[in-house]
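Reader: I am new to protein structures and would like to learn how to read one. Could you take me through it step by step?

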Amino acid sequence: LAMQSDRKTVVKNDEMVVVCISNTLFASRSLLLVLSDGDGMGALAMQLVDPAKGIVKGEVIIPSIHSARVSAIAMDPIGTAAGHGGVGGELAAVGAADGTMTLWRFISSHYWPLRPRLRMGGHGGHRIHSVAINSALNVCVSVSDKNCCIFDITNGAILRSFAPPNDIGLSTKSKIKASQIHTVFADSPALCVTVQGFVVLLCKTTYFETVGTVMSPVVTVSLQLFSLEGTHIGSKILEPRRRIPHRILATADGRGVMVCGGEGISIHQVSSVQPLKLIDEWRITEGGGAGIHPIAAYDIDFGPTLTKPVVAAAGCSQGALQLHALQGISSWSEENKKGSMSVAVGNALAKPAQAVKNAVGSVKGIGSRVVGFGKDIGREAMSDVKERGVFRRLFSGSS
């Protein structure tokens, strides 16, 4: 699924290094652009990688882009790569621990830029946890502990800046005073801006609960929905087993988001009427996933494109990659399909009482509490993928 944008973190000298892979193919549509932290001191590393051979064709490290290490990277296609007019390429937002964010433009038929187009602040020197960019709306977003900033990517002007919500509903449910609740934006790369103009991000809330004569701190993670005007629309408190999610991916129509966290992936509605309502859940394990190394989903992607999904791939803990065949990939799937993935999600949104599993029909592995997510792809589906050339489209780098 090299065609899809992918944000990952890898461990290097006990530090987390952020890596981002482009949607667009560069150098005559044969290479992928990979951006990452260059040296842990503010440098940005750029690489051109051949996805078919798995080798690096070229690389460069630009030093001192920021005064502290790069902490977050997001990319979004522009021009022909995004299905619009103009020169194709990628826009990249790079956030750092010094509280600044830089905006880069990479054109598929041009040389690499050696300096950013724009530099943006707004966080008072606090470390940026996550960034997101939406070229269709001309906005990019950066998030630190106590601030979320929305910028205009045409000139770098800050459009909105807002703090975490004061109350996410804990005071009502647990009879806790609002003054006892401390909420910050979570230290996670999970952040997205939907095409309909909503910002979905995470908050971490800490409060104290009295057990007998002892006061113990309790930490709660929640999904938050904001408009681009900075208006708080709604919250969704996540179950403790979900831990702090690692990725939030919006659907193509912007009416739902997929949240990758502990034990699997949940799908939530993006709406002002029913904000972040749980639509369905795809589980990757039967049990609770407890232990030193709990099972979690770190990323999800759809190929060859999000608008026309054929295969779903979930990057899981312990280096596992789980694949699942969606409708239309084989004759078996053709007999069972009742619409594409986007149609299924749309039906569930139109009829809140109807879960995604009912909209999809009898396709295996889709629906609530999925066990062994991806194992149902089977030899039959995989062989059909190879026969149709989809496997080559996903992994050879051709569009």
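**Reading a buried charge and its partners**

Author: Let's start with Glu-263, which is buried, with a relative accessible area of 1%. Buried means under 20% relative accessible area, exposed means over 50%, and partly exposed lies in between (1.4 Å probe, protein chains only). Through salt bridges that share partners, Glu-263 belongs to one network with Glu-239, Arg-241, Glu-281 and Arg-283. A salt bridge here is a side-chain nitrogen of Lys or Arg within 4 Å of a carboxyl oxygen of Asp or Glu.

Reader: Before we go on, what kind of model is this, and how are its residues numbered?

Author: It is a predicted model, in which local features need pLDDT of at least 70 and side-chain atom pairs count only at pLDDT 80 or more, while totals for chains, interfaces and linings use all residues. Residues are numbered from 1 along each chain as its sequence is written, and side-chain values use heavy atoms, with hydrogens and water left out.

Reader: Thanks! Which residue forms a salt bridge with Glu-263?

Author: The general idea is that side chains of opposite charge can pair when their charged atoms come close. In this model the partner is Arg-241, with the closest N and O atoms 3.4 Å apart. Glu-263 lies in the loop between strand 20 (256-261) and strand 21 (264-269), and Arg-241 in the loop between strand 18 (232-237) and strand 19 (247-250), so the pair ties together parts that are 22 residues apart in sequence. Strands (E, at least two residues) and helices (H or I, at least four) are DSSP runs, numbered from the N terminus.

Reader: And how does Arg-241 meet Glu-239?

Author: Their side chains form a salt bridge at 2.5 Å, N to O. Arg-241 is buried at 17% relative accessible area, whereas Glu-239 is partly exposed at 43%.

Reader: How many salt bridges are there by this rule?

Author: The count comes to eight. Another one to look at links Asp-37 with Arg-69, whose closest N and O atoms are 2.8 Å apart. Asp-37 lies in strand 3 (residues 31-37) and Arg-69 in the loop between strand 5 (55-62) and strand 6, so this pair ties together parts that are 32 residues apart in sequence. Asp-37 is buried, at 7% relative accessible area, and Arg-69 is buried too, at 19%.

Reader: Where is Gly-38 placed, and is it buried or exposed?

Author: Gly-38 sits in the loop between strand 3 and strand 4 (44-50), and its 14% relative accessibility makes it buried. Contact means heavy atoms within 4.5 Å. Leaving aside neighbours within four places in sequence, Gly-38 is in contact with Ala-43, Leu-44, Ala-45 and Ile-61.

Reader: Now for sheets: in what order do the four strands of the open sheet lie?

Author: Strands of a sheet pair through backbone hydrogen bonds, either parallel or antiparallel. By the rule used here, two strands pair if DSSP finds at least two bridges between them. In this open sheet the order is 6-7-8-9, with antiparallel pairing. Strand 6 (70-78) and strand 9 (118-120) stand at the edges with a single partner strand each, so one side of each is left without a neighbour in the sheet.

Reader: How many bridges join strand 7 to strand 8?

Author: Seven bridges join strand 7 (residues 89-96) to strand 8 (residues 101-107). You can find Gly-89 opposite Ile-107 of strand 8.

Reader: Which strands form a hairpin with four residues between them?

Author: Strand 17 and strand 18 do, and Gly-230 in the turn has a positive phi of about 90°. Strand 17 (residues 214-227) pairs with strand 18 in the antiparallel sense over five bridges. Within this pairing, Leu-223 has Lys-236 in strand 18 as its bridge partner.

Reader: To finish, what does the secondary structure of the chain come to?

Author: There are six helices and 25 strands in the chain. Of its 399 residues, 54% are buried. Among contacts with a separation of 6 or more, 48% come from residues 24 or more positions apart.
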